[in-house]
Amino acid sequence: MHGKPCGVEIDVLLIEGNPRYARRVQLLLSEARGAMEVRGGLFAVTHVTRLEHALELLAEKNAFGVVLLDLQLPDSEGVRTLSRIRDRADSVPVIVLTGIDDDGLALAVIQQGAQDWLAMDDLDGRLFVRTIRHAIERKRTEVELLRHAREVEAARARIEQQAAELRARAEQLDKANRELDDFTYIASHDLKEPLRGISAYCEILREDYDDKLDADGRRRLESLAVMCDRLCHLIDDLLTYCRVGRVPSPDARVDLNEVTTELLGTLRAAIDQRGASVEVVGQLPVVRGEATLLGMVLANLISNGLKYNKNPRPCVEIGVLADDPRTVYVRDNGIGIPKKHHEVIFTIFRRLHGRKEYEGTGAGLTIVRKIVESCGGRVWLESEPDRGATFFFHLPSPRKSSPTRQPTKPPHWISRAVASPVGKSS
Ligand code: ADP
């Protein structure tokens, strides 16, 4: 009963209560041997008549290639027989053998997970062998698919977990950044108080003690006043930088045409005085952000374009990319920036020039990047020395729910950056 000829490819577990059918199956499979040998197909049949015995064998040896199952066994009947086999050995294909040609039963056994069914009475050898082979292939594919599905599910679960960890880390980082902004803001704010006092004393000394000071004393007092002024600008920029981080997520609908018109109106006198030109080419986009902050971005980029410029006629052009109308560029004909400095200029208080050459604090571009990124966008540049600089920023489209915001008058805290950026170049 358990004989296993050498070269056997498929172990068949035949669970058949009817001895006549069992003999027939064995005969058909051994007759098929001749034909199948050509393709290396041989069957070793293990025959049992009772379900319990079959379940024991399946538990012992889970290596059967296929189960041929009669549903009418002495110890089990009907579709339940099939489900008990499936519970024990889910990865083995099952072909149900029935004595009757019953379509309803056929459907039920397929729905219960059998690979196929065969009516014993009209069984022929070739059809039988082909059905077994197809059942094995179908089951193999099904098991493979299931394995893949489990792997995909496991990968999805891993990715979800990693995403959750990343979200948690981003939140922690965000919180730490906010705390740092708060701390810097408070520290800067508190520093301004004594600084105002020192400036006031400088003023008093200049006015009331001028005749008591010699030239050296006056010069030193003047240096002190200049240093106070500079420190005041640095603190103002630090405060501006922190305030950007304190603005709740900016998601208004902002028309950059309106923002630019408002801004250029404010800057017009200073631009003219400098003998410069600032042109808007075409239509600027409507974006998601915050009008006042985006005004600051443009103000900083325009003022830099005019400031870092030795051209007798400084020119700044504002427009959008032909192939991406939501990417805005601000192009100048100034001194340009070597490639190796393209990243470092976005670091706070990092400057490429001394103050004697170009006035400034080195905070402008850091603020620009912080604003653009807080609006969900990004900023970058293209430039070479002596060939001008082009700064680009890309912002997301407004959401349907985004409220429309008109550009407002720049508030007091950005007045230095927005209201007189060109003045920075003095
Ligand atoms: P600030 O102008 O106050 O120094 P920014 O952060 O705006 O600070 O700029 C950082 C540095 O980047 C500047 O010191 C300057 O060297 C360089 N830079 C910025 N914009 C331009 C520009 N349009 N052309 C050439 N250099 C620029």
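A polar contact here is a pair of N or O atoms within 3.5 Å. Keep that in mind for the views of this predicted model.

View 1. At G364, a polar backbone atom sits 3.2 Å from an oxygen atom of the ligand. As for cover, the ligand taken alone exposes 540 Å², and the protein buries 100% of that.

**View 2. The shell around the ligand.** Here we look at 20 residues, of which N304, K307, Y308, R351 and L365 come nearest to the ligand. Sorted by class, the shell has eight nonpolar, eight polar and four charged residues. Two elements, α8 (291–307) and α9 (364–374), each give two or more residues; α8 gives the most, with three.

**View 3. A five-stranded open sheet.** Read across, the strands go β9-β11-β12-β14-β13, and the pairing is mixed. Because β9 (277–280) and β13 (378–383) are at the edges with a single partner strand each, one side of each has no neighbour in the sheet. From one strand to the next, the twist averages 20 degrees.

**View 4. Strands β12 and β14, with the helices on the sheet.** β12 (residues 324–332) and β14 (residues 389–394) run antiparallel and are joined by five bridges. In one of these, Y329 has F392 of β14 as its partner. Helix α8 lies across β9, β11 (315–321), β12 and β14, at about 135 degrees to β11. Helix α9 also packs on the sheet: it touches β13 and β14, and its direction makes about 135 degrees with that of β13.

Note on methods. Residues are numbered from 1 along each chain as its sequence is written. This is a predicted model: local features need pLDDT of at least 70, side-chain atom pairs count only at pLDDT 80 or more; totals for chains, interfaces and linings use all residues. Side-chain values use heavy atoms; hydrogens and water are left out. A residue is near a molecule or strand if one of its heavy atoms lies within 4 Å of it. A polar contact is a pair of N or O atoms within 3.5 Å; within protein, one must be able to donate a hydrogen and the other to accept it, and residues adjacent in sequence count only if both atoms are side-chain atoms. Accessible areas come from the Shrake-Rupley method with a 1.4 Å probe; for residues, only the protein chains shown count as cover. Helices (H or I, at least four residues) and strands (E, at least two) are DSSP runs, numbered from the N terminus. Ala, Val, Leu, Ile, Met, Phe, Trp, Tyr, Cys and Pro count as nonpolar, Asp, Glu, Lys and Arg as charged, and the others, Gly among them, as polar. Two strands pair if DSSP finds at least two bridges between them. Axes are lines fitted to C-alpha atoms, for helices over the stretch in contact, and angles run from 0 to 180 degrees between N-to-C directions. Contact means heavy atoms within 4.5 Å.
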